[in-house]
Amino acid sequence: MNSRIKKIINKLRSKAAVTIILLSSVVFSCTDVVDVAVPTEASRLVIEASLDWEKGTSGNDQTIKLSLTTPFFDTALDPVVGAFVSVENVTNGEVYVFEDQQDGRYTISDFEPIINNVYNLEIIYNDETYIAQETLIPVPEINRIEQSRIGGSDEEELDLTIYFDDPENETNFYYATFLEGDDLFPLRVVVSDEFTNGNEVSIFYEENAEDAEDEILPGDMVDINLYGISELYYDFLHILIEQSDNVGDPFATIPTRLKGNFVNLQNQDNYAFGFFRVTEVVNQVYTFVEQEN
């Protein structure tokens with residue numbers, strides 16, 4: 001091997017060594033711990049108070065859940081025990097006291113739901129009283145459920161539509177959830193009868209399938225709930241769904257802190273998260289079938 005070739009080889013070796021050192025520094029620099037500054041604040045009360053009366057049942061068994069907000073990176077819930085929870089039917093004066101189960105759940109087994117009656121929720125916790133009021137809203141029966149491969153974003157995939165009759169000469173609001181298969185969270189839809197008053201209303205559902213495993217197939221089941229809701233709850237859900245759909249969109253409007261209908265009588269700044277609703281709900285489970293082309 002002549003001297004010129006040796007020089008070339010030595011240069012290549014030195015360059016390779018420098019490259020390895022640089023790559024090593026990059027790799028090891030990636031192991032540096034980055035501290036993320038996450039804003040913190042005092043814990044707030046979270047109230048899950050959905051008194052839902054399913055058609056065909058007594059509606060006597062009801063549960064209200066209380067917890068506290070936790071730091072950003074904490075995944076465990078912080079249940080609230082020792083609170084006083086009651087619901088009053090303002091229309092007839094009946095008061096229902098919920099029993100503390102010592103795990104964040106407050107339950108009752110003799111609640112009496114009455115359509116169009118007004119209900120007040122009262123929660124006393126840490127010497128502060130939280131109140132909210134809602135009216136028990138009725139809901140129509142689902143007339144029928146139709147499946148199709150036409151009308152959705154992908155005409156090769158199955159979807160469905162539910163149909164129900166909207167009452168005449170009154171303003172109504174509806175909330176529908178669709179939970180398919182092993183999905184962790186349902187698809188949520190809110191509808192008003194502003195343009196369909198007194199007519200048959202339809203709500204469309206399709207799976208947001210990102211891969212073949214999410215595609216709806218014959219034999220798959222969808223759990224459907226249709227609720228009659230108040231206008232206040234409709235507005236709350238409309239904002240909540242809109243903000244949830246915009247997660248990850250860099251061009252979306254910055255979400256605002258969404259407050260429910262609870263009022264703290266002692267300290268309005270120490271408001272609670274959540275919403276008190278009293279609704280009638282109709283539930284159906286639909287199974288997709290093989291459809292002829």
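The lining of the largest cavity divides into two nonpolar, no polar and five charged residues, where Ala, Val, Leu, Ile, Met, Phe, Trp, Tyr, Cys and Pro count as nonpolar, Asp, Glu, Lys and Arg as charged, and the others, Gly among them, as polar. The residues in question are Asp154, Glu157, Leu158, Asp159, Glu206, Glu207 and Ile216. A cavity is here a set of points on a 1 Å grid over the protein atoms alone where a 1.4 Å probe fits but cannot get out, and lining residues have an atom within 4 Å of a point. The largest cavity holds about 40 Å³ of space, the volume being that filled by probe spheres set on the points, which are joined across faces, edges and corners. The count of cavities of 30 Å³ or more comes to one.

The model is predicted, so that local features need pLDDT of at least 70 and side-chain atom pairs count only at pLDDT 80 or more, whereas totals for chains, interfaces and linings use all residues. Residues are numbered from 1 along each chain as its sequence is written, and side-chain values use heavy atoms, with hydrogens and water left out.

On the surface, Phe84, Val95, Val97 and Ile124 form a nonpolar patch with about 310 Å² of accessible area together. Such patches are made of residues with over 30% relative accessible area and no salt bridge, nonpolar side chains (Val, Leu, Ile, Met, Phe, Trp, Tyr) being joined within 5 Å, and the areas come from the Shrake-Rupley method with a 1.4 Å probe. Ile124 belongs to strand β7 (residues 118-125), strands being DSSP runs of E with at least two residues, numbered from the N terminus.

Side chains of opposite charge can pair when their charged atoms come close. Five salt bridges are found in the whole structure, each a side-chain nitrogen of Lys or Arg within 4 Å of a carboxyl oxygen of Asp or Glu. One of them joins Asp52 to Arg277, with the closest N and O atoms 2.7 Å apart; Asp52 lies in strand β1 (residues 45-54) and Arg277 in strand β16 (residues 273-287), 225 residues apart. Arg277 is buried at a relative accessible area of 9%, buried meaning under 20%, exposed over 50% and partly exposed in between (1.4 Å probe, protein chains only).

Another salt bridge pairs Glu200 with Arg144 at 2.7 Å, N to O. Because Glu200 lies in strand β13 (residues 200-206) and Arg144 in strand β9 (residues 142-148), the pair ties together parts that are 56 residues apart in sequence. Glu200 is partly exposed at 36%, and Arg144, at 33%, is also partly exposed. Arg144, Glu146 and Glu200 are linked in a network of salt bridges.

Note on methods: 1 Å grid on protein atoms, 1.4 Å probe; cavity = no way out; pocket = protein on both sides within 12 Å on 5 of 7 lines; lining within 4 Å. Patch = residues over 30% accessible without salt bridge, like charges linked within 9 Å, V, L, I, M, F, W, Y side chains within 5 Å. Helix = DSSP H or I, 4+ residues; strand = E, 2+ residues; numbered from the N terminus.
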